[in-house]
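Colleague: Before we discuss this model, I would like to go through the terms used for it and see how each label is reached.

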Amino acid sequence: MGNFDGDSGTVFEQSYATTNGNGKLANGNGAASFSPPEKEELLSQRKFSAPAYTEIRTRRCHSKPTNDAKSPSLINYHPEKKSTSNGHASALSESKPNQAEGKLSPAEEHRQKTSFEEVPLHTACLTYLGFYLLMILGYINQLLFVPKVATEKGRDGYVTLYDAFESFYSRYVYRRIKDCWNRPICSVPGEELTLKDRVTDDYGWSFKFTGTETRCLNLGSYNYLGFAAATGRCADESEESARQSGLAFCSSRCELGDNEQLRELEAQTARYFGVEDAIVFGMGFATNALNLPSLLGPNSLVISDEKNHASIILGLRLSGATTKVFKHNNMRDLERVLRQGICHGNPKRGGQPWDKVMILVEGIFSMEGSIVRLPEVIALKKKYKAYLYLDEAHSVGAMGSRGRGVTDYFNVDPKEVDILMGTFTKSFGSAGGYLAGSKKLIDFLRTNSHAHCYAASISPPIAQQILTSMKTIMGEDGTDIGRKKIHQLARNTRYFRRRLAQLGVITYGHEDSPVVPMLVYLFSKIGAVVRTLTTRHIAAVGAGFPATPIMEGRIRFCLSAAHTKEQLDFALEAIDEIADDLGLKYSRKPRDPNPVVY
């Protein structure tokens with residue numbers, strides 16, 4: 001996001017390091033490489049004209065203890081410089097991606113390892129006050145200065161094309177920090193990425209590129225196992241597949257898009273999950289929206305977790321099924337809703353029994369960082385004779401000692417889950433999705449699934465990327481690279497989460513979840529944190545209403561096996577300083593004074 005070109009007239013205030021005339025950082029300790037002192041003084045005084053892009057200055061506190069590691073400022077890592085240490089070789093065998101040993105029951109252990117600390121009362125009040133103040137100012141702005149985009153013309157007799165509140169929210173609330181979303185990149189989303197710098201002169205109504213780029217540590221992509229790389233075996237085999245078979249089949253599986261490679265991928269996927277059969281699709285999350293209508297009907301009852309993904313909600317709406325919601329990961333509430341729904345029957349049909357009852361949950365909840373309590377869900381599923389649909393978009397590859405998702409993490413037979421759904425867009429560094437389960441289920445989908453009958457099939461290089469990465473995870477490539485990646489991700493996750501807890505910020509979720517939401521609450525702080533992290537060469541993602549509740553704005557970090565300890569320490573030091581300056585250390589839990597062992 002930041003423009004580091006000294007000749008463009010748009011330069012951030014940079015507290016970590018200064019830049020040279022070619023847009024590159026001079027060094028890691030802030031020593032400038034400009035020869036004329038006047039030029040250095042001039043550059044330090046020039047900023048972006050748009051206030052939204054001005055950096056929140058952070059203080060350097062080198063005297064702070066940094067646990068067992070050297071201060072990251074002394075570590076030879078910076079996104080503009082390749083670190084000489086890979087951080088992958090030490091004590092891999094000591095990491096335990098599965099449940100920790102102990103005398104606690106699995107349910108109690110899961111509860112103790114999951115945290116949803118409540119927001120302090122004064123912070124909640126300020127959050128609501130700030131949000132509604134933005135709303136009031138927006139309504140005043142809209143009343144006095146009506147933009148052209150606010151009025152639909154030539155629509156007499158038609159219903160409005162846009163919802164009034166959604167249009168207002170997008171223009172006057174979301175627009176204020178619009179620069180923190182949909183940020184263009186010009187590299188693969190590996191452990192580092194390259195942002196294309198852009199600026200706005202009209203407070204987010206429009207953007208223009210500056211022609212410069214910024215290399216950042218990537219803490220925002222779902223590259224859990226580090227397969228999203230431009231080099232290596234996956235990239236080489238995908239390139240060869242493209243040369244031999246082309247870039248796309250331009251047809252659905254039911255017509256001209258079926259081939260031996262996709263049949264091999266389906267067999268490999270079924271073997272990977274330990275189920276009878278699997279079917280793959282050319283889309284990721286849309287797999288939910290396109291296949292749930294095929295699996296459900298108007299006389300079906302679906303019990304859905306309140307934190308389920310938007311694609312699940314869309315699929316349920318399209319299916320026409322009756323949907324009941326239970327409190328997030330609350331097994332008592334799940335049983336209550338199940339019992340009531342089954343006992344009362346379908347009220348639209350005079351209380352007649354449902355044709356089908358399905359429990360629908362996710363493996364790792366993408367906004368909460370929590371892990372489904374799968375053994376308890378399976379027990380309730382058996383007790384009430386329901387079906388279980390498990391969305392493992394974020395957990396497949398990222399969980400379990402073999403990287404096979406939450407069934408692997410909990411040592412549960414995958415055949416206990418009726419429908420396994422997931423995407424290839426995250427841990428496998430590719431695209432598309434899958435459904436896995438019994439052969440009877442998959443045969444039904446091959447005949448009735450809209451995605452299978454009408455959507456374009458997966459292209460050859462995409463399929464090859466999935467095959468290569470999956471075989472690597474399973475060790476079928478003759479190496480232990482996959483096992484090392486899984487253990488590295490587990491180590492990175494626990495280290496990063498425990499260090500954040502020591503800093504005093506509030507994080508949500510399970511300690512083994514690589515999705516790490518850090519609560520900032522106030523809407524304005526989402527923008528301040530994302531922008532300031534960018535000036536420190538760290539790319540992160542903010543999440544706010546309506547993706548989260550109004551008072552639960554957050555920064556969502558996603559960890560990767562490709563991250564090194566030096567990179568994580570570099571990010572943690574920046575987060576520590578920003579949290580001090582912006583007042584983000586809300587946690588009232590006691591902090592562990594002992595060093596966190598990597």
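Colleague: Why is Glu 368 called buried?

Modeller: This is a predicted model, in which local features need pLDDT of at least 70 and side-chain atom pairs count only at pLDDT 80 or more, while totals for chains, interfaces and linings use all residues. Residues are numbered from 1 along each chain as its sequence is written, and side-chain values use heavy atoms, with hydrogens and water left out. Glu 368 has a relative accessible area of 5%, and buried means under 20%, exposed over 50% and partly exposed in between (1.4 Å probe, protein chains only), so Glu 368 is buried.

Colleague: What makes Glu 368 and Lys 307 a salt bridge?

Modeller: The term asks for a side-chain nitrogen of Lys or Arg within 4 Å of a carboxyl oxygen of Asp or Glu, and the closest N and O atoms of this pair are 3.9 Å apart.

Colleague: Is Lys 307 buried or partly exposed?

Modeller: Lys 307 counts as partly exposed, because its relative accessibility is 26%.

Colleague: How do you know that Glu 192 and Arg 215 form a salt bridge, and why is Glu 192 called buried?

Modeller: Their side chains meet at 3.2 Å, N to O, and Glu 192 counts as buried because its relative accessibility is 4%, whereas Arg 215, at 23%, counts as partly exposed.
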